[in-house]
Structure formats: structure tokens, C-alpha cells
Amino acid sequence: MLTGSCHCGKAGWTLEGDPGSITACNCTLCRRYGTLWAYDYEGERIALTGQTASYTRSGREASSLEILFCPSCACVLSWRGLRLQKDGRRRMAVNMRLAPPELVADLPIDHFDGLETFEDLPSDGRCVRDLWF
């Protein structure tokens, strides 16, 4: 199990099992937050701890997700889909930058173009360590 916590320690997350590859996205939110995402579903392998606040993108008719962060120190913990998927599950991702670096340094990075094409980009062989250190 991996764990991540905000800077003040009042909020965090757990992720059971193998996180798989980690996603770096260049959308207008992710590039500002500097997040690296690991995905699953609410109430399955991902659990949040502590109190969170949320931000939902304005200026769109129907936002698809909300950003959850610590109300005390403002660290971005996760995103959560605002609508259930067809199977009734809610997609989530946790910010791997909140995990201990030595536990996630070797995880491979996938790049996602959330700014223009909304498509996965070719792998360049980098891992979390390459974006952190």
C-alpha cells in the first residue's frame, strides 16, 4: 500500500496494490499544480483521509471533475469524477507527489495531452525520479 499526505499532515490518501504507470498531464490545471496521477476508483483501491476542500473548474457548462485539496496547507490530494461511469463507479486519481519519493521514484511516467488532443502521448522512458530530482 502506498500513502501520501499533504504538507501539514491533516489530509492524505492510500492506494492499495500496484499503482501502475503514473500520468503527467499538461492540461490547464495539472500543469499549474505540477501533479503526477495514479488512477483507480472511489471506495475501491483509493481512500482519502482527513478533511478536504474542493475546486470545480468554472467557465464550462459541465465540469467533469473536481480537485480535492487540504483546506489547511492547500496541497492537491486528488481529483474525483463528478459523474459516475456506466458501471456505477466513480473514477479518481491521487497525486503521487505526496508519496515518499523513495517509494515512487522508479514508477514509469505516461504523458497525457489534456490541453489539445486529449490523447496519450508516446512514452519517452522517463520515470517519476526524472521529473522530480
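1. Let's start with Arg-90, which is partly exposed, with a relative accessible area of 21%. For orientation, buried means under 20% relative accessible area, exposed over 50%, and partly exposed in between (1.4 Å probe, protein chains only). Arg-90 belongs to the loop between E8 and E9; strands such as these (E, at least two residues) and helices (H or I, at least four) are DSSP runs, numbered from the N terminus. Ten residues separate Arg-90 from Arg-80 in sequence, and their C-alpha atoms lie 7.2 Å apart in space.

2. A word on what you're looking at. This is a predicted model, where local features need pLDDT of at least 70 and side-chain atom pairs count only at pLDDT 80 or more, while totals for chains, interfaces and linings use all residues. Residues are numbered from 1 along each chain as its sequence is written, and side-chain values use heavy atoms, with hydrogens and water left out.

3. Which residues sit over Tyr-41? The charged end of Arg-89 does, 3.6 Å from the centre of the ring, and Arg-91 lies over the face of Tyr-41 at 5.2 Å from the ring centre. The rule here is that NZ of Lys or CZ of Arg is within 6 Å of the ring centre and within 35 degrees of the ring normal.

4. Now the aromatic pairs. Rings of Phe, Tyr and Trp (its six-membered ring) pair if their centres lie within 6.5 Å, with planes under 30 degrees apart called stacked, over 60 edge-to-face and the rest tilted. The count comes to two aromatic pairs. One of them joins Phe-112 and Phe-118, edge-to-face, at 5.0 Å centre to centre and 75 degrees between the planes. Phe-112 is buried at 18% relative accessibility, whereas Phe-118 is exposed at 63%.

5. Most residues other than glycine have a negative phi. Phe-118, though, has a positive phi, near 60 degrees, and sits in the loop between strand E10 (109–113) and strand E11 (119–120). Ala-74 has a positive phi too, near 70 degrees. You'll find Ala-74 in the loop between E7 and E8, partly exposed at 48%.

6. The largest pocket holds about 650 Å³ of space. A pocket is an open set of points on a 1 Å grid over the protein atoms alone, where a 1.4 Å probe fits, with protein on both sides within 12 Å along at least five of seven lines; lining residues have an atom within 4 Å of a point. Points are joined across faces, edges and corners, and the volume is the space filled by probe spheres set on them. Its lining has 24 residues, and Ser-64, Leu-65, Trp-79, Phe-112 and Phe-118 lie nearest the centre. Strand E4 (37–41), strand E7 (65–69) and strand E8 (76–81) each give two or more residues to this lining.

7. What holds the largest nonpolar core? This core, a set of buried Ala, Val, Leu, Ile, Met, Phe, Trp, Tyr and Cys residues joined through side-chain atoms within 4.5 Å, has 21 residues, and Trp-13, Ile-22, Leu-36, Met-96, Val-104 and Val-128 have the most contacts inside it. Strand E2 (11–15), strand E3 (22–25) and strand E9 (91–95) each supply at least two residues, and E2 gives the most, with three.
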